Amino acid sequence: MHYTFDIEEGNFTNAGQASGNIKKTLKQLNVNPASIKRIVVALYEAEINAVAHAYGGKIDVDIDSDKITMVVADRGPGIPNIDLAMTEGYSTASKEVREMGFGAGMGLPNIKSNTDQLDIQTQLGVGTTITMTVFF
Amino acid sequence: MDDTNNFFYHALTVDHDICTGCTHCMKACPTEAIRIRNGKSVIDKNKCIDCGECFKACSYHAIYIKQDDFDLMDQYKYKVALVPATFIGQFAGDVSTSQIYACLKQIGFSHIYEIEHGVSFLINLYKKYMAEHKDINTFISPYCPAVVRLIQTRFPSLVKNIIHMKVPLDITSLMIREYLSKEGICSEDVGVFYVSPCAAKIAAVKSPVGEDSSAIAGVINMDFLYNKVQHLLSKKTQGESEPIANHSLSGKDILWELTGGESVNFDNSSFAIDGMKNVIEFLEKIEDGDIEVNGLVEMRVCDQSCVGGILCPNNRFLAKQKLEIRAQEIKQHIENNDYQEEELFSEEEFDKKIAPMMNIPTITPRSSFKLHDNLQIALKMVENIKNIESKLPGIDCSACGAPTCSALAEDIIKEEATIDNCLFSHLPPEKYDELLKKIWGKNIKPL
Ligand SMILES: Nc1ncnc2c1ncn2[C@@H]1O[C@H](COP(=O)(O)OP(=O)(O)OP(=O)(O)O)[C@@H](O)[C@H]1O
Ligand code: SF4
Ligand SMILES: [Mg+2]
């Protein structure tokens, strides 16, 4: 089962549509609530990052009988130091983004703790692709 | 245990003689419980939460709320009217509470109690419950039965967040029964009649969550009783207005049914949410872990809470104002010490006799989303739904008898409808393009 969603740069109000949509499907599949919550949190954080720190992008979701795989690929600018970005509290969020309640530097650490597999590929000036897997 | 086949009791009923199948109710239903079949609106008992949105949306008054036969009262020697404070709020500002009570006596009630009597006891019980459940942060009030059913069917993962305790109605009816038996009245002779502002409460009384029976002998719709009282008031035939006895209500207690009237008793981090859309939005956020409340979330599906109940004849803002003025007056009386207080129960008596009966052992989650218990099969079904949906125009016109195109797709794979239900599937492709693009523009999907 495959889903795709577009991510628009800077559109914070629309972000969350993908995770909302996926949540409904997972409820239809009767996936256990704890896994659903982890999936929704991880996907939402990755989506917001592509909105806040990149120039938008695309989400690909695959649901199988035992797991979900979510690929969030954005269009630049890439992450210069992934280890640093993964640190709790590290954030380069702009003042505007902070005023909207984001920028605590907790997104990537949250993604890490809510997924079973996490892979981040990034290329400066090209973009970042985050692949997240959660087993039901 | 899978008990998805045990239906909830429902108070909302469609009169098929009046229903025109217009789709208004179907589009208003927040749980997509309604379909149009053979020109009539049909409610899915497993999805309906008795919130009354359909009742409000129906322009033909084809949806009605069943109530018990009023003559049921005659079977009891002592007829107790259990009225919510909201009832008093239905009458014009210059009609006093004692006038309303006098009319109720004339109608045949031997005792009249307001439901909010039990509130002060209940607050303590809820606080104790919250302190005992350290594994939960966000507690959802069990007060509005439509909210409880909404959570059971749409947010099953949040069932554990509901405070598993009874509500003022249950507590007060138990207290009254105990109190009257203390006065030497045999409990078989007592019939407690509940005056309801909404369908959800009727349904809750008829099939209480997590239990088999309720201590209520019958339910009277608020608008029905309002008319009877109003009739007596207009004829000015009500007896001498008598002072209100049996009062242990504080001003704060009678505001319980208004938005914020419950949460105000808990600490600052508590919330009060009213209105169906707001409730759903907030539940989504709690479910996603977006919001964590270290306290109580009061939730009522009606705008302005129970004064906005579908059986309340008065404008909800006027009713709210009347209750607020009355609360002020009571507060003043208490301060001036010219208020007759008669406690139904002392705290010790309550703890001994009533408190042990206040827990609700289980509230069963009954997801209305779940397509199948087997994930493989459910996955196949989701895939089929998605396929069918991609072939539908996506304009949610409802002419097919389903509220949205995706609801029709789901109905089709459950074999409750066919693609033929979609009128557009009958148009030749050239016509489809020509006709629909004129109206919906380029965004229309090709069939
Ligand atoms: N998709 C991305 N493209 C470019 N940089 C990113 C991307 N995602 C994260 N970053 C960088 O990593 C930092 C940390 O990200 P993280 O999601 O942990 O925190 P945040 O987004 O700044 O704040 P929060 O997620 O708590 O609102 C960001 O501030 C940003 O510099
Ligand atoms: S808010 Fe009050 S009147 Fe409305 S459905 Fe809930 S309990 Fe009934
Ligand atoms: Mg982030």
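Ligand 1 is surrounded by 20 residues, and the closest include A:His53, A:Ser91, A:Thr92, A:Gly103 and A:Met106. Keep in mind as you look around that this is a predicted model.

- Taken alone, ligand 1 exposes 600 Å², and the protein buries 94% of that.
- Sorted by class, the shell around ligand 1 holds 9 nonpolar, 9 polar and 2 charged residues.
- In chain A, helix 2 (33-52) and helix 5 (107-114) each provide at least two residues of this shell.
- Helix 5 of chain A contributes the most, with 3 residues.

**Polar atoms facing ligand 1**

- A nitrogen atom of ligand 1 sits 2.8 Å from a polar side-chain atom of A:Asp74.
- For A:Gly107, a polar backbone atom is 3.1 Å from an oxygen atom of the ligand.
- A:Leu108 also takes part through its backbone, with an N or O atom 2.8 Å from an oxygen atom of ligand 1.

**The surroundings of ligand 2**

- Ligand 2 is surrounded by residues of chain B, among them B:Cys144, B:Cys198, B:Cys302 and B:Cys306.
- Other members of this shell include B:Lys201 and B:Arg300.
- By class, the shell around ligand 2 has 7 nonpolar, 2 polar and 2 charged residues.

**Helix 14 of chain B**

- Is this helix enclosed or open to the outside? Of the 9 residues in helix 14 (residues 405-413), 8 are buried, so the helix is largely enclosed by the rest of the structure.
- The buried residues include B:Leu408, B:Ile412 and B:Ile413, and also B:Glu410 and B:Asp411.
- Part of the cover comes from chain A, through helix 1 (17-28). Strand 2 (34-37) and helix 13 (375-391) of chain B are also among the elements that cover the buried residues.
- After helix 14 comes B:Glu415, which has a positive phi, near 60 degrees.

**Cysteines and disulfides**

- A disulfide is a covalent bond between the sulfur atoms of two cysteines.
- How many disulfides are there over all chains? The count comes to 0.
- B:Cys312 is in no disulfide either, and its nearest cysteine sulfur, that of B:Cys306, is 7.6 Å away.
- B:Cys19 counts as buried, at 9% relative accessibility. B:Cys312 is buried too, with a relative accessible area of 11%.

Methods. Residues numbered from 1 in each chain as written. Chains lettered and ligands numbered in written order. Predicted model: local features only at pLDDT ≥ 70, side-chain atom pairs only at ≥ 80, totals over all residues. Heavy atoms only, no water. Disulfide = S-S within 2.5 Å. Buried < 20%, exposed > 50% of the residue type's maximum accessible area, 1.4 Å probe, protein only. Near = heavy atom within 4 Å. Polar contact = N/O pair within 3.5 Å; in protein donor to acceptor, adjacent residues only side chain to side chain. Areas by Shrake-Rupley, 256 points an atom, 1.4 Å probe, with all protein chains shown as cover. Helix = DSSP H or I, 4+ residues; strand = E, 2+ residues; numbered from the N terminus. Nonpolar A, V, L, I, M, F, W, Y, C, P; charged D, E, K, R; others polar. Contact = heavy atoms within 4.5 Å.
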